[in-house]
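Please read them with the structure open.

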Amino acid sequence: MLKIFDVIIPIRSKSKELKNKNILPFLGKTILVNYTIKKLLNIKEIRKIYVLTDSEKYKNKLIKHRKVDSNYLRKKEFSEEDSSINDLINDFILDYYPFKNNQNLLLLQVTSPTLSIDEINNTLKFIKKNNLKSLMHVCNVIENPYEIIEKKKQKKWKFLIKKRIINRQNYNRVFQYITGSLFFFNMSFFKKYKKIYNLKTTLYVVDKINFIDIDNKLTFEIAKKIVNLKIRN
């Protein structure tokens, strides 16, 4: 039996550093949010793509397709810079989502456009094979925390990790970070914890090429270059 997934894509209209980044032209004339939607349309396991936005302008720019649903209006209290994504998802499920018994939800961020279709498909296969309740994408860190310092005051700083290991080949701990590109959770997990992930969530390691999270002009331009690289997995 085919395992069905519904996708949630949250986008706000109030981005500060890069204004209206979610609807900027990203690849040719394709805007950033539609670039992500296009990847998902032909994945047979995906039934619906719910775009949660607070902007009618954004809604009007979305791809028109039977799989795309933007009828939920993101409320003001869930559209601020410091709003909780968990509160938004909870409101969406309670107020709009029609498939209350569906067990499989994905959350994708359009600001992580370097995530490939193959990576998404492989993730879905892994979820189904292992019958998971919650999963999130992580990457191995680029800058090792042994070499990161924390600035305390103007002329004061300290190493992030106190125990010093000088030679890189002797680093004996594995550090990863949450990419934010993809989260999976089933309905029972979210109802129990009211969170899309916690310490019980399974980690799924993706290519380091997914390190980009667009939040300014520089990361936007870097992401455009990366999606065209021939080294994609």
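How many nonpolar, polar and charged residues are in the lining of the largest pocket, by class?

1. The lining of the largest pocket has 13 nonpolar, 11 polar and 10 charged residues. In this count Ala, Val, Leu, Ile, Met, Phe, Trp, Tyr, Cys and Pro are nonpolar, Asp, Glu, Lys and Arg are charged, and the others, Gly among them, are polar.

2. The basis is as follows. This is a predicted model, in which local features need pLDDT of at least 70 and side-chain atom pairs count only at pLDDT 80 or more, while totals for chains, interfaces and linings use all residues. Residues are numbered from 1 along each chain as its sequence is written, and side-chain values use heavy atoms, with hydrogens and water left out.

3. The chain has 6 helices and 11 strands (DSSP runs numbered from the N terminus: H or I of at least four residues for helices, E of at least two for strands). Its radius of gyration is 19 Å, close to the 17 Å that the globule rule gives for 233 residues, so the chain is as compact as a globular protein of that length. The radius is taken over C-alpha atoms, and the rule is 2.2 Å times the number of residues to the power 0.38. Along the principal axes the C-alpha trace spans about 55 × 40 × 40 Å. Of the 233 residues, 48% are buried (under 20% relative accessible area, with exposed over 50% and partly exposed in between; 1.4 Å probe, protein chains only).

4. An open sheet of mixed pairing is formed by 7 strands in the order β5-β4-β1-β6-β10-β7-β11 (two strands pair if DSSP finds at least two bridges between them). β5 (68-69) and β11 (202-205) are at the edges with a single partner strand each, so one side of each has no neighbour in the sheet. β5 runs parallel to β4 (residues 46-53), joined by 2 bridges, and Ile49 stands opposite Val68.

5. Strand β6 (residues 105-108) is covered on both faces: Leu105 and Leu107 are buried on one side, Leu106 and Leu108 on the other. β6 is parallel to β1 (residues 5-11), with 3 bridges, and Leu105 is the bridge partner of Asp6. With β10 (residues 176-185) the pairing of β6 is antiparallel, through 4 bridges; here Leu106 stands opposite Phe184.

6. Thr114 lies in the loop between β6 and α4 (117-130). Thr114 is buried, at a relative accessible area of 0%. The Thr114 side chain reaches the backbone oxygen of Ile209 at 3.0 Å.

7. To return to the largest pocket, its volume is about 800 Å³. A pocket is an open set of points on a 1 Å grid over the protein atoms alone, with protein on both sides within 12 Å along at least five of seven lines; a cavity is a set where a 1.4 Å probe fits but cannot get out, and lining residues have an atom within 4 Å of a point. Points are joined across faces, edges and corners, and a volume is the space filled by probe spheres set on them. The pocket is lined by 34 residues, with Arg12, Lys21, Glu81, Gln109 and Thr111 nearest its centre. β10 gives the most to this lining, with 5 residues.

8. The whole structure holds 1 cavity of 30 Å³ or more, and the largest cavity has a volume of about 50 Å³. Residues lining this cavity include Leu108, Gln109 and Ser181.

Notes. A polar contact is a pair of N or O atoms within 3.5 Å; within protein, one must be able to donate a hydrogen and the other to accept it, and residues adjacent in sequence count only if both atoms are side-chain atoms.
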